[in-house]
Amino acid sequence: MSTPTRITHLFGGQSWDGTAARTSPVFNPATGQQSADLDLASAELVGEAVAVAKEAWASGWGSSSLAKRTQVLFRFRELLNERKEDIAALITAEHGKVLSDALGEVTRGLEVAEFACGIPHLLKGGFTENASTKVDVYSIRQSIGVVAVISPFNFPAMVPLWFVPVAIACGNAVILKPSEKDPSAAVAVAELWREAGLPDGVMNVVHGDKEAVDALLTHPDVKAVSFVGSTPIARYVYETGTAHGKRVQALGGAKNHMLVLPDADLDLAADAAVNAGFGSAGERCMAISALLAVEPIADELIEKIKDRVGKLVTGDGTRGTDMGPLVTSQHRDKVTSYLDAGVEAGAELVVDGREADFDADGDGYFLAPTLFDKVSPEMSIYRDEIFGPVLSVLRVQSYDEGLALINANPYGNGTAIFTNDGGAARRFQHEVEVGMVGINVPIPVPVSYYSFGGWKNSLFGDSHAHGMEGVHFFTRGKVVTSRWLDPSHGGIELGFPQNT
Ligand code: NAD
């Protein structure tokens, strides 16, 4: 057993050298060994970091030229691309997802850095000459100051990257509060910003739990909050942040459905269900956890899924396995408790993830892929976001019955339809009340130049992440009406200005 290392805050261009009153253990979920002790910030320390960030914004970055910003962004993009394997290894060591999946996460985050490199174009305003006689009108977008990004455990690199490059490109200073379960990737990426030439204090990382989050949500110098996490905390963050005068986008939990119509290619659908249900051990906000099979195809589809699941290897993500562990032992136990709950409620346990061999040493937090059939809407395995490798099949009789279930669900993050009928797919994209829709694509995560976000309890606030919505979220609009005086000006007129 090796001694746990220390992970600490990074702000003002330096690692914090104080002594934390509280720390939190970080584990390798594939072995069950503690790998690090994480310093947790007090409200006072958060205040210090915010002051550093505010100074960096006010003294330069907020009014830096777009040429300077793009130079930093391009260098950051190159560094992230060069170091993506190292970052992926950090993710696997603390989150547990397999290395190829961790690399995929970094690559999707990299896309947002590439999008942000286009900031000169993205910030171009409008200009109208002679809106009124000799009066010109134009719009500009300006940075807002210090912004906070609070991220979940399940994408320790990608979720911060959804926001940070765009926020920085827009001229803001950032305080990132990563998940305390797997903080190292966020620190490593923050160090790349420094290497890329970003001035000290513009990108800062503060670790912590509720105390640090509350300090960010109530601090008067934090102007915007981007949050991603579970629905109860997302709602709390939204309500508290907006009550303190901030703009808030708070992305919450999910229960994503895949609707398979009888005309679908069932091999494609089975592959998709396995990939989207069990990738990253089901710990994805876009994971498919409810499969709606429109009869008469359920038996055949379940057989195909069962066949594929039987070939998956669960184990240590550094060993070329298909699926890694769950993030903590508590979470593994919670997910496992749903297996009993499902059986008690009358669902049929087709594949039991407890009955598997795991390719790992030590005492990792494993549960292999689990498949339920004959699940009905009132069961907790259907109602709750389990956030584990548990796929529930609900047998429905028609497209309409499937659609009604999806639209009645309180979450609305992602969904997918599998069909060869273009008309049905087109109807679905229009009728379904979900923010991100896949047509024969099981995990429809939008590319960086579109925006990521769900509906209903999957997002509080009205701005989605990255794309133009991200640029708008991280800037304030201003419209200038201008008249340059010439000899014809002057005269008194107390009426409301009219355009002539
Ligand atoms: P979580 O809500 O437990 O934690 C998210 C963040 O909030 C962390 O930084 C954590 O430190 C902080 N936090 C936790 N409890 C808090 C409290 N009481 N007060 C203030 N802050 C608190 O979420 P998680 O378990 O890390 O992540 C999994 C959840 O995130 C799932 O529900 C998943 O669906 C969701 N998620 C959603 C999206 C999306 O885009 N909608 C993306 C990824 C994950």
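**Entry 1: the record and the model**

I began with the UniProt record, an unreviewed entry, which places the feature "domain: Aldehyde dehydrogenase" at residues 20–480; I keep in mind that UniProt positions are given in the numbering used here, that feature names are shortened, and that annotations may be inferred rather than shown by experiment. I note that residues are numbered from 1 along each chain as its sequence is written. The model is predicted, and local features need pLDDT of at least 70, side-chain atom pairs count only at pLDDT 80 or more, and totals for chains, interfaces and linings use all residues. Over residues 20–480 I find the chain to be 40% helix and 22% strand, with the end C-alpha atoms 48 Å apart; helices (H or I, at least four residues) and strands (E, at least two) are DSSP runs, numbered from the N terminus.

**Entry 2: two domains**

I then looked up the division of the protein chain, which gives domain 1 (5–252 + 458–480) and domain 2 (256–439), with bounds that come from an automatic or database domain assignment. The contact takes 18 residues from domain 1 and 26 residues from domain 2, where two residues are in contact if their C-beta atoms, placed from the backbone, lie within 7 Å. On the side of domain 1 that touches domain 2, I read seven nonpolar, eight polar and three charged residues; in this scheme Ala, Val, Leu, Ile, Met, Phe, Trp, Tyr, Cys and Pro count as nonpolar, Asp, Glu, Lys and Arg as charged, and the others, Gly among them, as polar. The centres of domain 1 and domain 2, taken over C-alpha atoms, are separated by 31 Å.

**Entry 3: the ligand**

Around the ligand I find 27 residues, of which the closest are Pro152, Gly229, Ser230, Gly253 and Cys285; a residue is near a molecule or strand if its C-beta atom, placed from the backbone, lies within 6 Å of it. The shell around the ligand divides into 12 nonpolar, 10 polar and five charged residues. Because domain 1 and domain 2 both give residues to this shell, I place the ligand between them.

**Entry 4: the sheet of seven strands**

I traced an open sheet of seven strands with mixed pairing, in the order β15-β16-β17-β14-β13-β19-β20, where two strands pair if DSSP finds at least two bridges between them. At its edges stand β15 (348–351) and β20 (436–439), each with a single partner strand, so one side of each is left without a neighbour in the sheet. The twist averages 20° from one strand to the next, with axes that are lines fitted to C-alpha atoms (for helices over the stretch in contact) and angles that run from 0 to 180 degrees between N-to-C directions. Within this sheet, β16 (residues 370–373) and β17 (residues 390–396) run parallel and are joined by three bridges, and Leu371 stands opposite Leu391 in β17.

**Entry 5: the sheet of three strands**

I next followed an open sheet in which three strands pair in the antiparallel sense, in the order β6-β7-β23. Its edge strands are β6 (127–132) and β23 (475–482), each of which pairs on one side only, and the twist averages 30° from one strand to the next. Strand β7 (residues 135–143) pairs with β23 over eight bridges, and I note Gly477 in β23 as the bridge partner of Arg141.

Strand β5 (residues 33–40) pairs in the parallel sense with β1 (residues 5–7) over three bridges, and here Ile7 stands opposite Leu38. With β4 (residues 22–28), β5 pairs in the antiparallel sense over seven bridges, and Val26 stands opposite Ala36. The hairpin of β4 and β5 has four residues between the strands, and in this hairpin Gly32 takes a positive phi near 80°.

**Entry 6: backbone details**

I checked the peptide bond from Glu295 to Pro296, which is cis with omega near 20°; Pro296 lies in the loop between β14 (288–294) and α11 (298–309). Ala281, a residue other than glycine, has a positive phi near 55°, and I find Ala281 in the loop between α10 (266–278) and β14.
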